[in-house]
Amino acid sequence: KLRCFLGLVTLAWSHYLQDSEFVLAAADSSTVPSSYTVPGAFPTSLYSHYYNNPTATSDQPQPVISDPVTNEIFPYSLTDPYNISQYDTVDPHTLPPKASSQMLLQQAVAQIKSISVNPMLTNCARCQASLEVAKFLALAAPEQGTNLALTLCEYFKYSSSCEKSFGPLVMGPILTQVVSFADVGGYDGQSICSQFLGLCPATAPTALNLTGWFAKPKPNPLPPPKQPSGQRLKVLHLSDMHIDPRYANGAEANCTTGLCCRENAYNSHSPNTPLLPASRYGSFLCDAPFSLTTSVLEAIPPLTGTESTGFNFTMSTGDMLAHDPENQQSRALNEYSEVI
């Protein structure tokens, strides 16, 4: 008889561990065991080589992993829990090339034209958003302020004598100064758009206009729900594993800063001595060590009665990486976690 196991496989954190025993909920406790005892030794056959002794319980296993495309071996320094590298100095952190004054003008004109036809914006919002673009052009390339005013005057047919009204010897430089100093996203911008263009109310902003947000209105009445077929499937859903290859056994598991169960984690009440040493099989405030993740996967078949049948299908919805801070992340570490 097929049984349906829908939902997330819950990681059993180490608050409930005794040595290597932990409990996972089973759908039908009368037919499958309610607990699973993990073998004491780590299954060393998972990988052919290790940087350390995988059967030792003092540290997490550190398998030798290679990139499946380039065959390049990830170095041990990448996951060394006792010497976490700071900042990624290998991958390039590129920036766009600095735009010329003329390029800034072209981009400003293009953005304002795009804003003017954006159906998600009201006339007032279009006007103030366009002033934001004009403000940054006035600050970055003030010599182009007059050219922007002339281009927009002609494009929007605001005047029949744009050169005489907004040229370099008349209002062009003045408008450039005004937008450079004005709070164009707030009251100043609303006043300009109201007094000179009639596109904003003088006081309160207009209500949000949802017209055009959806392709068609919500059906009324709603269509009847589909009837179930009655067929049951066995489905395994894996998600949010958050494997932490830098997990350090014995580190502070109840830290007050950063990611817990790391060698550099600490509790402010006891900076030098962990108040709650990180267990081999994880802790509640930590990401999952390799031992915990492996044990969970080992426990799934016996706890679900699928040793011989397997599942009809499995869904893995990602979120595999640990919650490393930005300065400790790198492309290589992410690839390592995905490959392992």
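User: Where does threonine 294 lie, and what makes that element a helix?

Analyst: Threonine 294 lies in helix H7, which covers residues 290–304. A helix is a DSSP run of H or I with at least four residues, a strand is a run of E with at least two, and both are numbered from the N terminus. The model is predicted: local features need pLDDT of at least 70, side-chain atom pairs count only at pLDDT 80 or more, and totals for chains, interfaces and linings use all residues. Residues are numbered from 1 along each chain as its sequence is written, and side-chain values use heavy atoms, without hydrogens and water.

User: Why is threonine 294 called buried?

Analyst: A residue is buried under 20% relative accessible area, exposed over 50%, and partly exposed in between (1.4 Å probe, protein chains only). Threonine 294 has a relative accessible area of 10% and is therefore called buried.

User: Which residues are in contact with threonine 294, and what makes them contacts?

Analyst: With neighbours within four places in sequence left aside, threonine 294 is in contact with Phe42, Pro43 and Leu46. They count as contacts because they have heavy atoms within 4.5 Å of this residue.

User: How do you know whether threonine 31 is buried, partly exposed or exposed?

Analyst: The relative accessibility of threonine 31 is 44%, so the residue counts as partly exposed. Threonine 31 belongs to the loop between strand S1 (21–22) and strand S2 (36–37). Its C-alpha atom is separated by 9.1 Å from that of threonine 304, which is 273 residues apart along the chain.

User: What is known of serine 180, and why is that residue called buried?

Analyst: Serine 180 is part of helix H5. Its relative accessibility is 15%, and it therefore counts as buried. Among residues beyond four places in sequence, serine 180 is in contact with Lys135, Ala138 and Leu139.

User: Which residues make up the largest nonpolar core, and what makes this set a core?

Analyst: The largest nonpolar core has ten residues: Cys124, Cys127, Leu131, Ala138, Val179, Ala182, Val184, Ile192, Cys193 and Cys200. The set is called a core because its members are buried residues of the types Ala, Val, Leu, Ile, Met, Phe, Trp, Tyr and Cys, joined through side-chain atoms within 4.5 Å. Helix H2 and helix H6 (187–195) each give at least two residues to this core, and the largest share, four residues, belongs to H2. Apart from this core lies another, of nine residues, including Ile112, Ala134, Leu137 and Leu152. In soluble globular proteins, nonpolar side chains tend to be buried together.

User: Which residues are in contact with cysteine 127, its neighbours within four places left aside?

Analyst: Cysteine 127 is in contact with Cys193, Leu197 and Leu199.

User: Is the peptide bond from asparagine 220 to proline 221 cis or trans?

Analyst: The bond from asparagine 220 to proline 221 is cis, with omega near 5°. Proline 221 sits in the loop between H6 and strand S3 (235–238).

User: What do these elements and values come to over the chain?

Analyst: The chain holds eight helices and four strands, and their order from the N terminus is β-β-α-α-α-α-α-α-β-α-β-α. Of its 340 residues, 36% count as buried. Among contacts with a separation of 6 or more, 65% are between residues 24 or more positions apart.
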